[in-house]
Amino acid sequence: MYTWMTLASAADLSQLDHHIDAEYTPKSVAKKLAVGLSDAVKGILIERNYIDKDYRSTYYNFYAKKGRQYRSDCVRLHFFDETVSFDDSALKLSAKDGHLSDHYFGFMVLRPTGVATIGRSVVTPDVRRGASRFIITADHKVHVLGHTLKIHGFPSMDQHIDIAVCAHATCWSILRHYSERYSIYREYHTHDITMLAQQFDPGGFVPARGLALSQAERVFQEAGTYPVIVARDIANLKDFSFYRQLTAYVDSGFPLFAAMHNKGHAMAVVGYDWRTPLNTGLPGMRYSWDEIKTLAVVDDNHLPYLSIPADGGHYSAKDIDSFIVALPEKVFYPADAFDTLVPKLFKLGKVVQLPPQDKAIIRYFITTGSAFRRFVRSHESEFDPQLLAAVMKLPFAQFLWIVEIATESQWAINQISARAVIDATASLTEHYPYWILHGRKEALIFGRESVDLDLQNGMGVLTMADTGHFGFSRMDTNLRPTRTK
Amino acid sequence: MDKNKPGLFKLVEGLKPVDASALEEYEREMTDEAIPEIIKDVEKRRMLAAESRQRRLETPTTDKPETPTTDEPEQSK
């Protein structure tokens, strides 16, 4: 039932063919793994007769009804580094330092379907060749041979082709991430996704005819999220606002259901990498989208965390023409507003010293009030004690938009000059949707206790002590930095 | 406003009132330009979303290979 495979090099992956039955297409899987996984993977535990909940959901509802007989069990591959060994007689995994989870790279389920056999998988981006630097992940628990292992990753699977297409696989990946990351969301299996997309049981091959974007939206609505569709203006080649919003939501830790209608394709955007900082000295405000080198996508044609360029080539972020972001309920202030609001922020420069607008790089994203307080607490030496106290005392709503303003030289060292903390539940028509706007010398603090803002009593300015630093740390806490192995 | 709440100046020590004249330009531009522009942008993006809803993500299943034929993963949809 269990077989250990030691890998001296990627070529040894061809051994999979000797250990796994043909209906799991081990040759094809080995080729993908040899190309996509790094050499840090030195051991694979093959677990046969594995009962996979997602495959079973399609087996009970589709494969078991066919004349051709399909197996009901799967194979699961577990990936380890060189310090892990397997005692075949005792059926025991051991790591030299006793911390097995620290040497575990994740798992991949293989389905007995003869085609597109890679099922539910969670592999760390650390062992994915070419993975981007920042990836949205959740902790996944894995039970094997009496061990409980933990892996940080994003779920992925191949589409089934006959009963589910890329759009179903993408919805599944995002919702499985949500169920692992946030306790308020339940788990949905592969067949559940197919059912959520329709008002009735589509049966048979109907799901293979694809999904409209509205059906993917429906899946996320039915799953208890509040999806927002953002579409690009196809007629406007310079619809930069679309990509700024895309960057903002990914930077907020929300994986995106991204559609490429020119390719009829969907995939999840789950991370990004910055380009090497440039000291251009050129005037003109820039946004974080302008600094993106690659997006990380979970595309069911490839192993997860494929890096695609922001622009150029036959497959890039420029092919994305719409996306769905599955938001929590209490995010009312839309990302659309920031292209207009941010330039106006500089008009408050008379009260709070800000860098010159035409030399600023702007980054904006959503976080929670508690995550922001945690960030400030962990960087408390950067903050004036009175500003820190304000952050701790203000009655934030659950979600905040953060706008970070940096100069080019600060951006290069992950620092910022100023930050606006915006109430994510604010209305579009508010003149002051802010909680805080702070630079290095002053901070504007806003009371939001009244609908009618009283300028004398509902807003105040703090003059801050010099904390002796050049800039504040950029808040990089929503995505996990990849530790390439 | 809830009269029992302490108010911003009691909640946060060291705050001073803001000179209203320093906010005039910001307020005027928010009223005259930014807020109408934001409302227009949101409406325009909502229309684009409505148009995109019926676009399909698919290719005919007959285009898909029975088994993978090359080292490169097939372009499934």
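Start by selecting A:Gly460 and B:Pro17: the glycine stands opposite the proline, which belongs to β1 of chain B. Now widen the selection to strand β25 (459–463) of chain A and β1 (16–17) of chain B, which run antiparallel and are joined by two bridges. Strands here are DSSP E runs of at least two residues, numbered from the N terminus, and two of them pair if DSSP finds at least two bridges between them.

A word on ground rules: this is a predicted model, where local features need pLDDT of at least 70, side-chain atom pairs count only at pLDDT 80 or more, and totals for chains, interfaces and linings use all residues. Residues are numbered from 1 along each chain as its sequence is written, chains are lettered from A in the order in which they are written, and side-chain values use heavy atoms, with hydrogens and water left out.

Next, show the whole interface: 80 residues of chain A are in contact (heavy atoms within 4.5 Å) with 53 residues of chain B. The two chains bury about 5800 Å² between them, 58% of it on carbon and sulfur atoms; that is accessible area (1.4 Å probe) lost on being put together, summed over both. On the chain A side, pick A:Lys344, A:His431 and A:Glu449, which lose the most area to chain B, together 11% of what that side buries.

Key
Helices (H or I, at least four residues) and strands (E, at least two) are DSSP runs, numbered from the N terminus.
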